[in-house]
Amino acid sequence: SGGTMRSILNLLATGTAKDHHPLAFVSKADRPKRMEPMKKGLWWDSDIKGWSAPFLMAPINEKVVRRSNFLNGRLTNTTYMEQVGGPLKVCVMFTAMVWSCVLLFIPQVRNFVDARLPPAGGGPSEVMRKGKFKIHVTGKTNDGALIEGELKAGISGYPFTAVSAVETAAGVLARTDAAGGLLTPTTAVGGPALCDRLTKAGCTIEAK
């Protein structure tokens, strides 16, 4: 949508090195000395047995998850990455990220794109609102055991964003023991409680 693209353009135009740091949502004093590994470009993922590339929103989403891990005391012994799989998706995502990283950092290109975007506030088109999504989660323990799960819904990512935002807000209002501060959805509502709310709202969350 126009608003999403303008948010990205604004981040590229005004963001500093500290804004792009993988632990931007964790204070410098609380950051571990060793950073968790970051993968860029294309790579072969032995866990899913296929080629992978970073998900478009991974630079933002991963920072939020690392903030959650920090608040839950798990920052130093966990890693987290968001990626896309499948030959077509990988090629499209990798190409889009390379061109955006190269071209959108040029002010003239950003101005050209911005002038041709739909108005902000209008939301995604009807076509973009249709569809469904599925997120496959693969976790690996320290001893190498794999744990898999899925989050899926019969709606696309745009309406799901609205549903999850409303359910998170309702979950925060329902709590009387939550501490204040810079919280994430799972730390503000509680992981199990948020999963329960999303399930009742029509999402499917399951471990395999």
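Visitor: Which residues are linked in a network of salt bridges?

Guide: This is a predicted model. In it, Lys 134, Glu 150 and Lys 152 are joined in a salt-bridge network. By the rule used here, the count comes to five salt bridges.

Visitor: What makes Glu 62 and Arg 66 a salt bridge?

Guide: The test asks for a side-chain nitrogen of Lys or Arg within 4 Å of a carboxyl oxygen of Asp or Glu. The side chains of Glu 62 and Arg 66 meet at 3.3 Å, N to O. That value is within the cut-off, so the pair is called a salt bridge.

Visitor: How are Glu 62 and Arg 66 placed in helix α2?

Guide: Helix α2 covers residues 58-71, and the two residues lie four apart in it. They are therefore separated by about one helical turn.

Visitor: Why is Arg 66 called buried?

Guide: Buried means under 20% relative accessible area. Arg 66 has 1%, so it counts as buried. Glu 62, at 7%, is buried by that rule too.

Visitor: Which parts of the chain does the pair Arg 197 and Glu 167 link?

Guide: Distant ones: Arg 197 sits in helix α8, Glu 167 in helix α6 (residues 157-174), and they are 30 residues apart.

Visitor: Is Glu 167 buried or exposed?

Guide: Its relative accessibility is 18%. The cut-off is under 20%, so Glu 167 counts as buried. Arg 197, at 25%, is partly exposed.

Visitor: Which residues is Glu 167 in contact with, leaving aside neighbours within four places in sequence?

Guide: Arg 197, Leu 198 and Ala 201.

Visitor: What makes Lys 200 and Asp 196 a salt bridge?

Guide: Their closest N and O atoms are 3.3 Å apart. With the limit at 4 Å, the label therefore holds. Both residues belong to helix α8, four residues apart, so about one helical turn separates them.

Visitor: Why is Lys 200 called exposed?

Guide: Exposed means over 50%. Lys 200 has a relative accessible area of 68%, so the word applies.

Visitor: Which residues make up the largest nonpolar core?

Guide: Eight residues: Phe 133, Leu 151, Ala 153, Phe 160, Val 189, Leu 194, Leu 198 and Cys 203. The elements giving two or more residues to this core are β5 (146-153) and α8 (191-200).

Visitor: What does Leu 198 touch, not counting residues up to four places away in sequence?

Guide: Phe 160, Ser 164, Glu 167, Cys 203 and Ile 205.

Visitor: In what order do the three strands form the open sheet?

Guide: The order is β1-β2-β3, with antiparallel pairing. Strands β1 (43-45) and β3 (83-85) are called edge strands because each pairs on one side only. Neighbouring strands of this sheet are turned by 45° against each other on average, direction ignored.

Visitor: How do you know that β2 and β3 pair?

Guide: Pairing takes at least two bridges. Strand β2 (residues 50-54) and β3 have three, in the antiparallel sense, so they pair. As for Ser 52, its bridge partner in β3 is Gly 85.

Key:
Residues are numbered from 1 along each chain as its sequence is written. This is a predicted model: local features need pLDDT of at least 70, side-chain atom pairs count only at pLDDT 80 or more; totals for chains, interfaces and linings use all residues. Side-chain values use heavy atoms; hydrogens and water are left out. Axes are lines fitted to C-alpha atoms, for helices over the stretch in contact, and angles run from 0 to 180 degrees between N-to-C directions. A nonpolar core is a set of buried Ala, Val, Leu, Ile, Met, Phe, Trp, Tyr and Cys residues joined through side-chain atoms within 4.5 Å. Buried means under 20% relative accessible area, exposed over 50%, partly exposed in between (1.4 Å probe, protein chains only). Contact means heavy atoms within 4.5 Å.
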